[in-house]
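Hi,

Here is the structure I promised to pass on.

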Amino acid sequence: MNETSGIRRVDSPLTPSKIIEYLNRYIVGQEKAKRAVAVAMRNRLRRRALPPELAHEVVPKNILMVGPTGVGKTEIARRLATLSSAPFIKVEATKFTEVGYVGRDVESIIRDLTESAVSMVRRRMLETVQAPALERAEQRLLDALLPRPERERKFSMPGLMRVLGGTDSDEEDEEPDAAPQEPEEDRNSGTRTRLLTMLREGRLDGREVDIEVADSAAALPIFGAAGMDAMGINMGEMLSGVLPKRMKKRRMKVQEALRLLQSEEAEKLIDTDALAREAVDTVQEDGIVFLDELDKVVVRGGNSSGPDVSREGVQRDLLPIVEGSVVQTRYGPVRTDHILFIAAGAFSGVKPSDLIPELQGRFPIRVELEPLSWENLQQILTEPENSLIRQYKALISTEGAELCFTEEATAEIAKLAHKMNAEMEDIGARRLHTMMEQLLEEISFSVCDKETEKIRITPELVRERLSSLVEDRDIRRYLL
Ligand SMILES: Nc1ncnc2c1ncn2[C@@H]1O[C@H](COP(=O)(O)OP(=O)(O)OP(=O)(O)O)[C@@H](O)[C@H]1O
Ligand SMILES: [Mg+2]
């Protein structure tokens, strides 16, 4: 036996360079942070490919991203979230210091993460049962279209007639679903087959049909007591398992009915125990928690008294879940030992070393995000797929006008933004938002009144519109 026995190759296209490539579409610079998160995400996948004994030993290398405000920390988290094929959740540490927040329930982070895993796994499971669900849905639809054997006596086939011919006999027959299964079934089966063919060929699509579907509106509005909820027990759900589902008769187009029945059948085909097991497993093995604004729960110098107690309290509460503990959820107990935590904070007034030591030790990887140069700011304005310039251009184009910026103009905006950040409070790329708004305020207002086709933004215009902002200290005090 050599050391690599039982080790598989990672089976995922999400390589570090692919992750960075994706992040680059939205975030300018910050290479070190991008690399760190890309490697951390890849390491999750690598660990999964190890034999269980070894995988158990590999603890996640949690990351702490430190950098001034407005340079992309939260943005990186947001983009990772959409990219991640793993359960992912982003929370603000400050959430747990809010006034009125009773008994800071940091464990809810893990419960929310588990919920997101459940919907992820459910989506995946639903895909795999679509084909059998469709077959069942077709059968239910045929039941609705074809009359029950008792009604067949006088060849009065209201359901079928309505669908095929359109005689609108609207008699309501409320009858139990359990019709006797008798030889009539055989005679019926020929019609059934023909009808099924028509259904599959889409020839019934436009017709209407009455079907019985679960009445979601009838779900019991039961609110669990706070304690129940904390234990991960949902009263409404518990009872809905005990009480029979309320059914409701609805008339709709065949096409729509088929879709509805298919999704109902698909839900039924899902093994909820397997779903819970798999969700808990993927949370434990692949889960990622992004803990934003961690610096906001840090006390300068690390000593706490008075109102600061609550902030340090949050760190103490976070400690067990970061260190590894068991959290009870609706889907079973979840071990947090292998969940990856990525924390971020500006740490301007406080330092990472002001964190309580136990928590510091749990974030071995530190990455610094860089302050933004004016060149960075210009790139942020123009390059990302969702850049401000693209957004404004799109908005103005809805009025039939074209907004265009010369390169010198975007450089001028970036330089002015950089200057303001240097002279006043440094709010990073957020500065661009206020500057663009100020720059285009007049155009946004009057674009509808004039027959302008092309609006050119030149450096001169930028200086003219923004000079008051940059020069006038009195105004600046009121504007960000
Ligand atoms: N490097 C960057 N590339 C692209 N856009 C950026 C970058 N940095 C910041 N932005 C933009 O600036 C705004 C603020 O960024 P973000 O929310 O990431 O700041 P932050 O680093 O989390 O700051 P804070 O410490 O105040 O929470 C966002 O709209 C974001 O798109
Ligand atoms: Mg942020």
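Below is what I found in it, going from the overall picture to single residues.

First, the housekeeping. This is a predicted model, so to speak of a local feature I need pLDDT of at least 70, and side-chain atom pairs count only at pLDDT 80 or more, while totals for chains, interfaces and linings use all residues. Residues are numbered from 1 along each chain as its sequence is written, and chains are lettered from A and ligands numbered from 1 in the order in which they are written.

**Overall**

The protein has 20 helices and eleven strands. Of its 480 residues, 29% are buried. A residue is called buried if 20 or more other C-beta atoms lie within 10 Å of its own, exposed if there are 12 or fewer, and partly exposed in between, with C-beta atoms placed from the backbone. A contact here is two C-beta atoms, placed from the backbone, within 7 Å.

**The five-stranded sheet**

Five strands make an open sheet with parallel pairing, in the order β2-β5-β8-β1-β9. Its edges are β2 (88-92) and β9 (365-368), each of which pairs on one side only. On average, neighbouring strands are turned by 15 degrees against each other, direction ignored. Two strands pair if DSSP finds at least two bridges between them. Angles run from 0 to 180 degrees between N-to-C directions, and the axes are lines fitted to C-alpha atoms, for helices over the stretch in contact.

Strand by strand:

- β2 and β5 are parallel and share five bridges, with Lys 90 opposite Phe 290.
- β5 and β8 are parallel too, with four bridges, and the partner of Phe 290 in β8 is Ile 342.
- β1 (residues 63-66) runs parallel to β9 over four bridges, and Leu 64 stands opposite Arg 366 there.

What is the setting of β5? Five of its five residues are buried, so the rest of the structure largely encloses the strand. In a regular strand, side chains alternate between the two faces of the sheet. In β5, Ile 288, Phe 290 and Asp 292 point one way, Val 289 and Leu 291 point the other way, and all are buried.

Helix α5 (residues 107-128) lies across β2 and β5, at about 150 degrees to β2.

**Around ligand 1**

Which residues come closest to ligand 1? The closest of the 17 around it are Thr 69, Gly 72, Lys 73, Thr 74 and Ala 429. To be counted, a residue needs its C-beta atom, placed from the backbone, within 6 Å of the ligand. Helix α4 gives the largest share of this shell, three residues. By class there are seven nonpolar, seven polar and three charged residues. Ala, Val, Leu, Ile, Met, Phe, Trp, Tyr, Cys and Pro count as nonpolar, Asp, Glu, Lys and Arg as charged, and the others, Gly among them, as polar. Domain 1 (16-125 + 283-368) and domain 3 (374-470) each supply at least three residues of the shell, the bounds being from an automatic or database domain assignment.

**Helix α15**

In α15 (residues 374-382), Asn 376, Leu 377, Gln 378, Ile 380 and Leu 381 are buried. The buried residues of this helix pack against α16 (388-397), α17 (407-423) and α18 (430-446).

**Some single residues**

Most residues other than glycine have a negative phi. Gln 30 has a positive one, about 55 degrees, and sits in the loop between α1 (16-24) and α2 (31-48). Gln 30 is buried, because 25 other C-beta atoms lie within 10 Å. Glu 293 also has a positive phi of about 55 degrees, in the loop between β5 and α13 (308-323). Glu 293 has 18 C-beta neighbours inside 10 Å, so it counts as partly exposed.

Finally, Lys 454 is in strand β11 (residues 454-457). With 8 C-beta neighbours inside 10 Å, Lys 454 counts as exposed. Leaving aside neighbours within four places in sequence, its contacts are Glu 402 and Cys 404. Lys 454 and Glu 402 are 52 residues apart in sequence, yet 4.6 Å apart in space, C-alpha to C-alpha.

Cheers

Key
Helices (H or I, at least four residues) and strands (E, at least two) are DSSP runs, numbered from the N terminus.
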